[in-house]
Amino acid sequence: IGEHTDYNEGYVFPTTINRAVYIAVRPRSDRTCVYYSLNFQDKAVWDLAEIRRSDGPHWSNYIKGVMKVLGDAGVDFGGSEGVVFGDVPIASGLSSSAAIEVAAGFALDRAFGLGLDPVRAAALAQKAENTFVGVNCGIMDQFVCRLGRKGHALFLDCRSLAYENVPLRLAKHGLLIVDTKVKRELAASAYNQRRAECEEAVRHFRAKAPAVKALRDVD
């Protein structure tokens, strides 16, 4: 698939699954945001002028983060209210965080006519996870959530972001996802530590070979 390969600027080959996050959104006339999660039976309210991260791995942080990076990028939109539901298993390694980030960006794009380029939308969703949620993930999960296609795998160069949707002809074969009962929340895992270690390795090799910009460049 490409875990830990994406932020080392390598090549990845993820695919889509038959699970999704759905967000119904309508604009408001003010700058307030009111969202309700059907999964958690929980409401969150915030103001666009003062977006603050909620304590813990709260579901609203992924939506707030997307709004924060969109605003910081100069994208203009107003307050909104919405309902969120997803059937992507949470903390299972199936990119539930990327799914809600991409869904939030897509919903806002449609509700306010933002005209976001899909590649840029994926990059902004990744930035939300990096800078707001606090996980230094690569681009793979958000990219395939936004640009993946049913019945295809997505071949992505994580340096240039050049990509191709490749038909996935499995014939009599299938992809099996096994529930190991192990919860995996990136925000609470050693993921950031792994990335820091990879960056330390890059510095080591760069001292001997200046052309090395990422582990991808080490033969």
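# Strands, cores and salt bridges

Q: What makes β2 and β5 paired strands?

A: β2 and strand β5 (residues 80-86) are joined by 7 bridges and run antiparallel. Two strands pair if DSSP finds at least two bridges between them, so β2 and β5 qualify. As one example of a bridge partner, I23 has V84 in β5. The names come from DSSP runs numbered from the N terminus: helices are H or I with at least four residues, strands are E with at least two.

Q: What should I keep in mind about the model and its values?

A: This is a predicted model, in which local features need pLDDT of at least 70 and side-chain atom pairs count only at pLDDT 80 or more, while totals for chains, interfaces and linings use all residues. Residues are numbered from 1 along each chain as its sequence is written, and side-chain values use heavy atoms, with hydrogens and water left out.

Q: Why are β2 and β4 said to stand at the edges of their sheet?

A: The sheet is open, has 4 strands in the order β2-β5-β3-β4, and shows mixed pairing. β2 (21-27) and β4 (42-47) each have a single partner strand, so one side of each lacks a neighbour in the sheet. On average, neighbouring strands here are turned by 15° against each other, direction ignored.

Q: Which helices lie on this sheet, and how do they run?

A: Helix α1 (residues 60-72) packs on the sheet and touches β3 (32-37), β4 and β5, with its direction at about 25° to that of β4. Helix α2 (residues 96-112) lies across β2, β3 and β5, at about 30° to β2. A contact is a pair of heavy atoms within 4.5 Å. Axes are lines fitted to C-alpha atoms, for helices over the stretch in contact, and angles run from 0 to 180 degrees between N-to-C directions.

Q: Why is C33 called buried?

A: Buried means under 20% relative accessible area, exposed over 50%, and partly exposed in between (1.4 Å probe, protein chains only). C33 comes out at 0%, so it is buried. C158, at 9%, is buried as well.

Q: How do you know that C158 is in no disulfide?

A: A disulfide is a pair of cysteine sulfur atoms within 2.5 Å. The structure holds 0 disulfides.

Q: What makes R159 and E9 a salt bridge?

A: The rule asks for a side-chain nitrogen of Lys or Arg within 4 Å of a carboxyl oxygen of Asp or Glu. R159 lies in the loop between β6 (152-157) and β7 (163-167), while E9 lies in the segment before β1 (11-12), so the pair ties together parts 150 residues apart in sequence. R159 has 36% relative accessibility and counts as partly exposed; E9, at 26%, is partly exposed too.

Q: How many salt bridges does this rule give, and which others can be named?

A: The count comes to 11. Among them, E197 and R194 have their closest N and O atoms 2.9 Å apart. E197 and R194 lie in helix α5 (residues 191-208), 3 residues apart, about one turn of the helix. D179 and K181 form another, at 3.4 Å, and both are exposed. R26, R28, D30 and E81 are linked in a network of salt bridges.

Q: What makes a group of residues a nonpolar core, and which residues have the most contacts inside the largest one?

A: A nonpolar core is a set of buried Ala, Val, Leu, Ile, Met, Phe, Trp, Tyr and Cys residues joined through side-chain atoms within 4.5 Å. The largest has 37 residues, and Y35, I63 and M67 have the most contacts inside it. Elements giving two or more residues to this core are β2, β3, β4, α1, α2, α3 (118-133) and α5. Leaving out residues up to four places away in sequence, I63 touches Y35, W46, V84, I100 and A104. Apart from this core lies another of 10 residues, among them M140, F143, L147 and L154.

Q: Why is helix α4 described as mostly covered?

A: In α4 (residues 140-147), 7 of the 8 residues are buried: M140, D141, Q142, F143, V144, R146 and L147. What covers them includes β1, α2, α3, β6 and β7.
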